[in-house]
Amino acid sequence: MDADEISPVISSRLLPESSRIRAIMFRRRWLFLAVFAAVLMLTTALLGVLPKTYTATSSLLLEPRQAEPVKVNDRGFVAPADDNLIDTAVQIIRSPALTLDVVRGLKIAGTVEFGGGTDAHRQDGASGSPSRREQRAASTLLARSHVKRVGVTYLVEISASSKNAKQAARIANALARRYIELDTTKKQARNSQSARYVESQATALRGQAVADDAALQNYMIRNNLMSAQGATMAEQEVSELNRQIADAQAQLAEQRGKLGAAQMQIAQGGGGADIGAALASETVRQLRQQEAQTSARLAQLDARYGALHPDVIEARDELADVNRQLNAELSRIVSGLRGDARIAESRLGSLLASRAQAKGTLAQNSSAQVGRLELERRAEASRAIYSAYLTRAKETAQAGELPNADATIASVARVPGMPSSPNYVLGALAGLGAALVLASLATAVAEYLENTLSSRADIESGLGATYAGAIPTLSSATRSKDGAVSPQDYVTMRPMSLFTESMRNLATYLGLTASSESQVVTITSALPREGKSTTAMCLARTLAMANRKVVLVDADVRHHSASDALAPHREREALFRVLDRTLPLDLALTMDDRTELRILPTLGQMQAADVITEPDMALLLSSLRKRFDIIIIDSAPILGVAETRIITGLSDQTLVVARWRQTPEKAVRTTLDLLAHADSKIGGVALSLVDIKEFASAGLTDAFGYYKKFKGYYVD
């Protein structure tokens, strides 16, 4: 199967058939039209009674500016109007405070439209009534105004609604102007506040800068950080001590050298005569000279007088005394050198201690430098900020009164010429759409709730049964106005009519027109008053007029409609008397007064013993097959009488008659299930009492859908 063949199949499965939709719409046309007209009338009435409301719209162009009060030479710049800023502007316009200002400015609190009627005056009372009326009017105005952003632009639309067109335009323009006034006032107040703030901050910062400078100086004094020629006093002191320590170390080395040399000379036995200090001593020189003289005299005396001479002894004692004095003087000189060395060492120690103390002071100064640097940075920052604020104070003092609103009126609200509510065009379209939707919904609900059989599709698709045809009502199948003629009589009076032709079609479908063998056809229904008896009588007479040997057995023993219509003057219970063999079959049969049809009637009331059993019924049908070509049995409704299932089980085929648009689908389905359970051969399901005019207009797929084209073929 190619794509062209598949596409129609798929579409037919997904979408209902157009003929089906037309049939539903035609069948429910009065309901559809009634709901459609009711909704349209209701819409028209609502549009007529609804009060008229006029809406005027003005628009604002937002140009937000940002300014930095302490930035030098700042004049403000146009900033991007982001969503937050625009949403904020919208909320300000919608605020109760701004709305209340507009109410007071326009003096609309006393109007009836905004809650200022007589009833409101009585409710407010004497005290505080103006304020309460203004609050009520502001709430009403807030409910009747609308503010929105236009797309992603910087435009904001302000709409106001009122029963008066001019009033609506006044309110919309007043809301826009009031927002600009508030924004201008806010900006001027902000500029003035900025000027005062900058001036006060400059004054405070001046004191702060002075205080920071003083704190820096006090800190330097307190921590001995005062400097001269680029160095602090501690640094200068350490430098001087280092120089003195170097001199003291050199001097100590010199003194120690002298002392060591003297001690070495004395230790080597030199007597210390060549000690540098001794050589420089006048006393030592004199003693040396005296020693030399005494030694010379002693040598002369010893040589002249001998060792024991008193002069020699005196000279020797004198020389010894000089030597003692010389040694004593040398000892004193060495002791002096030792003292000088100690003095130099003590001086060096003192200088080292002073330097250590000076270094401690210098270390403290180094730690204090951190605080000094922080104070210097703070002082410099204070001076810089103070300078900036001082400059800005002069600028804001000049530019503080300049107007700089962030919004301008882009378009002024015009007086509307047509009301915005109700919108007649939109209301009419909405009413039309609602009418179509509700009418279609009512039609769909009615069709959904409909559970009767009305078309061939209901039988074939819904029940899965065979469609045997449709039997029209006599009134729809003929132009005759004679309402006293019964259908069973009409088929004999108008054998070429459309109604009679429908019976021939039914006989042809059941195979009763050309078959040479005897056939037993049971006609039944699910419920009473379905038209089965009329169908059986009309079908039997139609076949009898076609020169077929036909007998009509009235097996509807409780209602016996066929017997009442075709054999009204019977006197005996023919059917039951034949079944119990008390009456011969030939005597029980009655001749139809219009055709060659034979009738086996049922008479009177049933007795307790009057029942139809399968053996008796089978024997009766066997006898009838020998005498007649066609045996038509008018049985009772199968859902109410169990005997019908016995009869259908003995028949060659069973025709189920369902009343058009009356018989529930579930009842027919149950009937078919019972027949299948009884092993009955179902010939099909026929629709009875069909209005063929509506049937044809609905576009249903049946022969009656084209009956107008065959009007010349029938004789009413």
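1. A residue is called buried when its relative accessible area is under 20%, exposed when over 50%, and partly exposed in between, with a 1.4 Å probe and protein chains only. Helices (H or I, at least four residues) are DSSP runs numbered from the N terminus. By these terms, helix H11 buries Val284, Leu287, Glu291, Thr294, Leu298 and Leu301.

2. This is a predicted model, in which local features need pLDDT of at least 70 and side-chain atom pairs count only at pLDDT 80 or more, while totals for chains, interfaces and linings use all residues. Residues are numbered from 1 along each chain as its sequence is written, and side-chain values use heavy atoms, with hydrogens and water left out.

3. Helix H11 covers residues 282-305. The expected span of a helix is 1.5 Å times one less than its number of residues. With 24 residues, H11 should therefore span 34 Å, and its end C-alpha atoms, 33 Å apart, agree with this. Gly306, which follows H11, has a positive phi near 95°.

4. The same check can be made on helix H7 (residues 129-143): its 15 residues should span 21 Å, and its end C-alpha atoms are 21 Å apart, which agrees. Buried in H7 are Ser129, Arg133, Ala137, Ala138, Thr140 and Leu141.

5. A nonpolar core is a set of buried Ala, Val, Leu, Ile, Met, Phe, Trp, Tyr and Cys residues joined through side-chain atoms within 4.5 Å. The largest one has 51 residues, of which Phe499, Leu539, Leu552 and Ile632 touch the most other members. Helix H18 (residues 532-545) gives the most to this core, namely seven residues. A second, separate core of 33 residues includes Val103, Ala169, Ile171 and Ala176.

6. Two aromatic pairs are present in the structure. Rings of Phe, Tyr and Trp (its six-membered ring) pair if their centres lie within 6.5 Å; planes under 30 degrees apart count as stacked, over 60 as edge-to-face and the rest as tilted. Phe32 and Phe36 are stacked, at 6.1 Å centre to centre and 10° between the planes. Both lie in helix H3 (residues 29-49), four residues apart, about one turn of the helix. Phe32 counts as buried because its relative accessibility is 15%, and Phe36 is buried at 18%.

7. The rings of Tyr490 and Phe499 have centres 6.3 Å apart and planes at 75°, so this pair is edge-to-face. Tyr490 and Phe499 are both buried.

Terms used. Helix = DSSP H or I, 4+ residues; strand = E, 2+ residues; numbered from the N terminus.
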